[in-house]
Amino acid sequence: MTTPPPPKHEPHGLAAVAAEVRAQRGIALPLIGMNLTWFAKQAVTTAFLGRLGDLQLAAGTLGYSFANVTGFAVLTGLCGAMEPICGQAHGAGNVALLRGTLLRATLMLLAASVPIALLWTRVDAVLLRFGQQPDIADTARTYVLCLLPDLAVTSVLNPLKAYLSAQEVTLPTLFAAALALALHIPLTVSLSARMGVRGVAAAVWLSDLALALMLAAYVLAHELRRGTTTKPPTPTPTPASPTSSLLRLAVPCCLNTCLEWWSYEILVLLTGRLPDARRMVAVVAVTLNFDYLLFAAMLSLSVSASVRVSNELGAGDAALARRAARVSVAGGLAAGLAGGLLMLAARRPWPRIYTRSPEVRDGVGRAMKVMAMLEVVNFPLNVCGGIVRGTARPLLGMYAVVGGFYVVALPVGVALGFKARLGLEGLLAGFLLGAAVSLAVLVTVIVCMDWAAEADKARTRAGDAGAGRVEPSATKAPVESEAC
């Protein structure tokens with residue numbers, strides 16, 4: 001009989017919290033940088049569309065918004081199912097499940113791209129149905145059709161990013177994204193001069209392709225290195241149907257992402273029905289542009305929380321998973337306060353970048369005051385969504401989004417904005433209340449969660465492939481249930 005390895009000495013108290021903060025910081029900071037490169041890429045694209053003319057700017061912006069809502073949001077949501085599966089598989093040491101999930105998720109996204117592509121070919125008809133001018137609809141169709149290759153590229157790129165982040169590998173993604181941004185600028189300069197709006201769209205998917213190729217090369221090298229430096233795992237049971245597990249998680253993950261994104265698109269549409277619609281739409285556009293910057297941090301903190309919780313659950317360590325969740329929520333609250341203060345501080349200088357109109361500047365200043373309070377809630381809300389996603393229970397996040405944004409935020413926002421005549425501030429106040437309801441639901445779920453039971457389910461789901469791994473019961477005291 002072999003002698004089990006000596007138990008690990010885990011840090012306790014403040015040292016344990018500090019260790020968890022460092023672990024999450026190592027994941028989140030590179031992801032924030034990567035997301036900011038995406039924002040910079042969009043800024044470059046928008047700037048060059050503007051240089052081509054007002055028609056190209058309006059059509060390109062409208063076309064990309066359509067593509068984002070109907071295509072990229074769907075692919076991003078579907079790919080969210082990789083986070084709990086790959087995170088828990090990494091924690092359990094199940095390399096086969098990690099690799100298999102990468103392949104299955106890529107094929108799933110490629111299959112989903114086919115009906116999306118068919119819808120994109122009819123974008124002009126959709127825009128005309130919603131009252132857009134024929135020349136804008138026709139140019140938007142040209143732009144969207146030239147973006148079609150980006151569906152296939154995104155179907156490969158998103159799973160690669162999720163595969164690496166689930167293993168707490170984020171620096172290579174940041175470096176590759178920075179290189180892709182550096183390539184995107186000269187590509188856009190060259191192709192826009194030669195091909196107009198088609199060239200701007202082509203530069204988008206070509207730079208994404210370069211990023212996908214760099215990450216694919218890194219993953220291949222990483223897998224070859226792992227294959228030569230690790231011992232083969234002891235054969236152990238794996239989930240009976242990994243494909244069905246992926247699909248079962250993918251649908252609520254997709255709905256969760258899309259419903260939240262769509263709610264903000266509805267907010268913009270509602271703003272267009274307010275008195276002085278042209279000014280109000282400009283105000284909300286400038287305000288949301290700053291929110292998009294903060295969203296880079298929100299999304300990164302959410303992924304970090306999901307990765308840390310899923311890794312520890314897959315390793316069967318309920319105590320560390322619970323600690324990771326608590327540290328994540330505390331970090332989300334702190335980041336929310338910082339984001340709100342930053343929004344308040346920027347309410348005067350930020351609109352000066354976009355407009356010289358004093359009416360629009362004043363409107364942005366008032367809207368950003370309400371938006372600052374919304375950011376205080378949005379940060380922990382996204383983090384809590386990442387936590388429940390890490391436990392492979394994305395349905396909970398979807399219910400919270402539906403209840404908060406569609407049952408509360410939109411009806412209350414409409415009542416305050418139109419009936420009470422509070423305008424855009426009323427609409428945003430409704431979203432603030434809805435986000436607070438969603439946050440309350442998710443915090444209640446997390447507080448009442450039985451972490452020991454979640455760890456057991458994660459080990460069953462991921463398969464315990466870690467040869468020689470020490471069982472938590474042999475090294476740590478049993479975790480008490482926190483179920484309500």
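## A buried cysteine

Cys 254 has a relative accessibility of 10% and counts as buried, a word used here for under 20% relative accessible area, with exposed meaning over 50% and partly exposed the range in between (1.4 Å probe, protein chains only). Cys 253 is buried as well, at a relative accessible area of 4%.

This is a predicted model, in which local features need pLDDT of at least 70 and side-chain atom pairs count only at pLDDT 80 or more, while totals for chains, interfaces and linings use all residues. Residues are numbered from 1 along each chain as its sequence is written, and side-chain values use heavy atoms, with hydrogens and water left out.

## Disulfides

A disulfide is a covalent bond between the sulfur atoms of two cysteines. With a disulfide taken as a pair of cysteine sulfur atoms within 2.5 Å, a search of the whole structure finds zero. Cys 253 is in no disulfide, and the nearest cysteine sulfur, which belongs to Cys 254, lies 8.8 Å away. For Cys 254, the closest cysteine sulfur is that of Cys 258, and the distance of 3.9 Å is too far for a bond.

## Two packed helices

Helix H3 (residues 82-92) packs against helix H11 (residues 277-314) at an angle of about 45°, and their axes are 6 Å apart. H3 is therefore oblique to H11, since angles under 35 degrees count as roughly parallel, over 145 as roughly antiparallel, 65 to 115 as roughly perpendicular and the rest as oblique. Helices here are DSSP runs (H or I) of at least four residues, numbered from the N terminus, and axes are lines fitted to C-alpha atoms over the stretch in contact, with angles running from 0 to 180 degrees between N-to-C directions.

The contact, meaning heavy atoms within 4.5 Å, involves residues including Glu 83 and Pro 84 of H3 and Val 303 and Ser 306 of H11.
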